[in-house]
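Reader: I would like to go through the ring pairs, the pockets and the cores of this model. Please begin with the aromatic rings.

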Amino acid sequence: MTSFIEDVTPPRGTVRLVWTASLLFLVFLAFGPLQYACWKLNLPPRRWLPMMFHRLVARSIGLKVTVAGSIARDRPMIILANHVSWLDIVAIGSLTPLSFIAKAEVESWPLFGLMAKLQRSIFVDRTRRVHTSRTNAEIAGRLEEGDPIVLFAESTTSDGNRILPFRSALVGAAREAILSDSPTRHVCLQPLALAYNRADGLPTGRMGRARIGWYGDMELAPHLAGILRGGPLDVTVSFGEPIAFDEGADRKALTRQAEEQVRAMLALGLTGRRPAVAPVPPAILAR
């Protein structure tokens, strides 16, 4: 009898997948229509409802978000973050009302495209001048509401073990969008690092983080099912020191500065240790 029961009992991972998917469906059913109505009618709850939605999603899938540092009070502000997975949206979106800048093709994705719209993401297609003008106005309007704008500065996802080079052109374009429709000539950049450091109560390690990451030519559906089937995940969201990005500032230098902060915070979030800094040669110090 015991052997028969063991044979017909669904694997633990399958039970968790069905249970978690059912919870997510109920959460979306409760928040989706309400947020859609607020978004279409331009009602105030459209700003904070996505944050509540992401908090419930995080709880449903077992994503524990630990915050290091704090979000700056300066506005307007662009948050420059590393990008590992679609889970990043849930982790960051659960912290405060904000908006994401996303590539235009995300808007057409099944389910995730709709969720991105309900999150009030701004879809950017830099290949079309007319679209760029409309996007700039949308970014400026969002910032007038006091919401930070999140930009995944690597312009793609990684395996969660490293930081890819930040794209200064993206940072410059976002800044110009703000300044083109805003009376202020001051913009604040704040670095943010996402470190997925534990899975099912154990340290992730390089291979574990690679399984959490959604990158390269990975299919979305199998990756989503794998996350929902797995155990709880821990992510540390670290806020760095704000960087003033005033008119005339060197966007490349400031982007590198933000990238260095994110790289250091990622190392600290994953290992608890800051990365070693190479000593400066005496010849350089003497200059």
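Author: The model is predicted. Ring pairs join three phenylalanines into a cluster, and its members are Phe-28, Phe-31 and Phe-53.

Reader: How many aromatic pairs does the structure hold, and is the pair of Phe-28 and Phe-53 stacked or edge-to-face?

Author: The structure holds 4 aromatic pairs. In the pair of Phe-28 and Phe-53 the ring centres are 6.4 Å apart. Planes over 60 degrees apart count as edge-to-face. The planes of Phe-28 and Phe-53 stand at 70°, so this pair is edge-to-face.

Reader: Is the pair of Phe-100 and Phe-152 stacked or edge-to-face, and which strands hold the two residues?

Author: The ring centres of Phe-100 and Phe-152 lie 6.0 Å apart with the planes at 20°, so the pair is stacked. Both Phe-100 and Phe-152 are buried. The pair ties together parts 52 residues apart in sequence, because Phe-100 lies in strand β3 and Phe-152 in strand β5.

Reader: What is the volume of the largest pocket, and how many nonpolar residues are in its lining?

Author: The largest pocket holds about 1200 Å³ of space. It is lined by 44 residues, and those closest to its centre are His-83, Ile-89, Val-106, Trp-109 and Trp-214.

Reader: Which element gives the most residues to the lining of the second largest pocket?

Author: The second largest pocket has a volume of about 240 Å³. Its lining has 15 residues, with Ala-199, Gly-208, Arg-211, Ile-212 and Leu-233 the closest to the centre. Two or more lining residues come from each of β7, α8 and α9. With 4 residues, the element that gives the most is α9.

Reader: Which residues does Leu-87 touch, leaving out residues up to four places away in sequence?

Author: The largest nonpolar core has 40 residues, and Leu-87 is among those that touch the most other members, along with Leu-63, Ile-92, Leu-192, Leu-194 and Tyr-196. Elements that supply at least two residues of this core include α4, β6 and β8. With residues up to four places away left out, Leu-87 touches Ile-61, Leu-63, Tyr-196, Ile-212, Ile-227 and Leu-233.

Conventions
Residues are numbered from 1 along each chain as its sequence is written. This is a predicted model: local features need pLDDT of at least 70, side-chain atom pairs count only at pLDDT 80 or more; totals for chains, interfaces and linings use all residues. Side-chain values use heavy atoms; hydrogens and water are left out. On a 1 Å grid over the protein atoms alone, a cavity is a set of points where a 1.4 Å probe fits but cannot get out, and a pocket is an open set with protein on both sides within 12 Å along at least five of seven lines; lining residues have an atom within 4 Å of a point. Grid points are joined across faces, edges and corners, and a volume is the space filled by probe spheres set on the points. A nonpolar core is a set of buried Ala, Val, Leu, Ile, Met, Phe, Trp, Tyr and Cys residues joined through side-chain atoms within 4.5 Å. Buried means under 20% relative accessible area, exposed over 50%, partly exposed in between (1.4 Å probe, protein chains only). Contact means heavy atoms within 4.5 Å. Rings of Phe, Tyr and Trp (its six-membered ring) pair if their centres lie within 6.5 Å; planes under 30 degrees apart count as stacked, over 60 as edge-to-face and the rest as tilted.
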